[in-house]
Amino acid sequence: FLMFASVAAFLALMAVLAALKVGQLTWVVYGYLATPFFANRLLGEAWLGSPDERAAGTVAPFLMGDLVLVFVLVRQRRRLPAWLFLAAAILLLPFLAVLTTGRLDTGAFLYQYAAIVRALVVAWFARRAFVEDGRTAAIDALVLNLGIIFGTMALATSAAALVTGSRGSMPGWGANVFANALCVVGFLCVATVLHRRVVGRGRRALLWLAAVACLAGIVSTGTRVALVLYLVAFLAVVVVRVVPRGLRFVALPILAAVAVALFAAVPGVLLEVVAEVSPRAQSVGGVTIDRTVTLP
């Protein structure tokens, strides 16, 4: 039921994109990132790991986004360049070890090799779109779409976390991975608003809303490292923005120098704060962190 319901949602999304007459890159972005997780499982599943590792779960070798990408390429009648086929052939060589070992897991092979080829084709396709649509306009549109997608998911996970009282995440995303993605997208939204002339108040407001939603989503996942990185990146962008244009090239080096000097002066205090944020930092090299720790 979840698979077929997700496919129905995927088709509805594609219908909306067709009605809005969006660009081809937008089709691909939504096809890969906005498709409900369970829809991809309908195309097949592969098991990674040994039968004893039942907690490892299964993965989807093929994605609905792959169908969208192929559809767009066929519709535009684009031919893939020869170097893509050459790269795909060279990257196939490591997998030829199955000829000597005699062990071939078809599902695992398709999952790993398809991921490499998919990344190559999408990167080539995105570069073509940037050249044809204008690099700045295409990147701004890409960031806006990423903000809409991840902002919506962040609001959904935040609402779920409030209701359940537990860490929130989207199906198919681990909480930490999802928080990292929100951190990157939220930073892109903030940087685009502050450092580019985004056309229209509506777009600027939407990017700010997406950035705030990403912040709420990070909080709902309970991933403290991503939260700290997001806030630090946001602060750095704002500081560089408010500094006069003629001094911007030295603003970040000055911030970095101050940070290094502060760390050299009171490393124990700063490391103790980091240890409070992430339990993984409570010891470094076998040394338990407290405010008495010195740099040597």
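Asp66 is buried, at a relative accessible area of 16%. In this predicted model, Asp66 forms a salt bridge with Arg118, and the closest N and O atoms of the two side chains lie 2.8 Å apart. Arg118 has a relative accessibility of 17% and counts as buried, because the cut-off for a buried residue is under 20% relative accessible area.

A search of the whole structure gave two salt bridges. Besides the pair of Arg118 and Asp66, Glu45 forms a salt bridge with Arg41, with 3.2 Å between the closest N and O atoms. Arg41 is buried, at 14% relative accessible area, whereas Glu45 is partly exposed, at 46%. Side chains of opposite charge can pair when their charged atoms come close.

The protein chain holds 13 helices and four strands. Its C-alpha trace spans about 60 × 55 × 45 Å along the principal axes. Of its 296 residues, 33% count as buried. The accessible surface of the chain amounts to about 17800 Å², and carbon and sulfur atoms account for 69% of this area. Among contacts with a separation of 6 or more, 65% are made by residues 24 or more positions apart.

The largest nonpolar core contains 49 residues, of which Leu69, Phe125, Phe150, Leu182 and Cys189 touch the most other members. Two or more residues of this core come from each of α1 (2-20), α2 (24-33), α4, α7, α8, α9, α10 and α11. The greatest contribution to this core is that of α9, with ten residues. When residues up to four places away in sequence are left aside, Leu182 touches Phe150, Ala154, Cys214, Gly217, Ile218 and Tyr230.

Helix α10 (residues 201-221) is made of 21 residues. Its first and last C-alpha atoms are 30 Å apart, close to the 30 Å expected at 1.5 Å a residue. The buried residues of α10 are Leu207, Ala210, Ala211, Ala213, Cys214, Gly217, Ile218, Ser220 and Thr221. They pack against α8, α9 (175-195) and α11 (224-242). Just after the helix, Gly222 adopts a positive phi of about 75°.

Thr157 belongs to helix α8 (residues 135-164) and is buried, at 2% relative accessibility. Residues up to four places away in sequence not being counted, its contacts are Gly168, Ser169, Met170, Phe178, Gly217 and Ser220. Gly217 and Ser220 are among the buried residues of α10, and Gly217 is also one of the residues touched by Leu182.

Leu86 is located in helix α5 (residues 82-91). With a relative accessible area of 53%, Leu86 is exposed, because the cut-off for an exposed residue is over 50%.

Definitions and conventions. Residues are numbered from 1 along each chain as its sequence is written. This is a predicted model: local features need pLDDT of at least 70, side-chain atom pairs count only at pLDDT 80 or more; totals for chains, interfaces and linings use all residues. Side-chain values use heavy atoms; hydrogens and water are left out. Buried means under 20% relative accessible area, exposed over 50%, partly exposed in between (1.4 Å probe, protein chains only). Contact means heavy atoms within 4.5 Å. The expected span of a helix is 1.5 Å times one less than its number of residues. A salt bridge is a side-chain nitrogen of Lys or Arg within 4 Å of a carboxyl oxygen of Asp or Glu. A nonpolar core is a set of buried Ala, Val, Leu, Ile, Met, Phe, Trp, Tyr and Cys residues joined through side-chain atoms within 4.5 Å. Accessible areas come from the Shrake-Rupley method with a 1.4 Å probe; for residues, only the protein chains shown count as cover.
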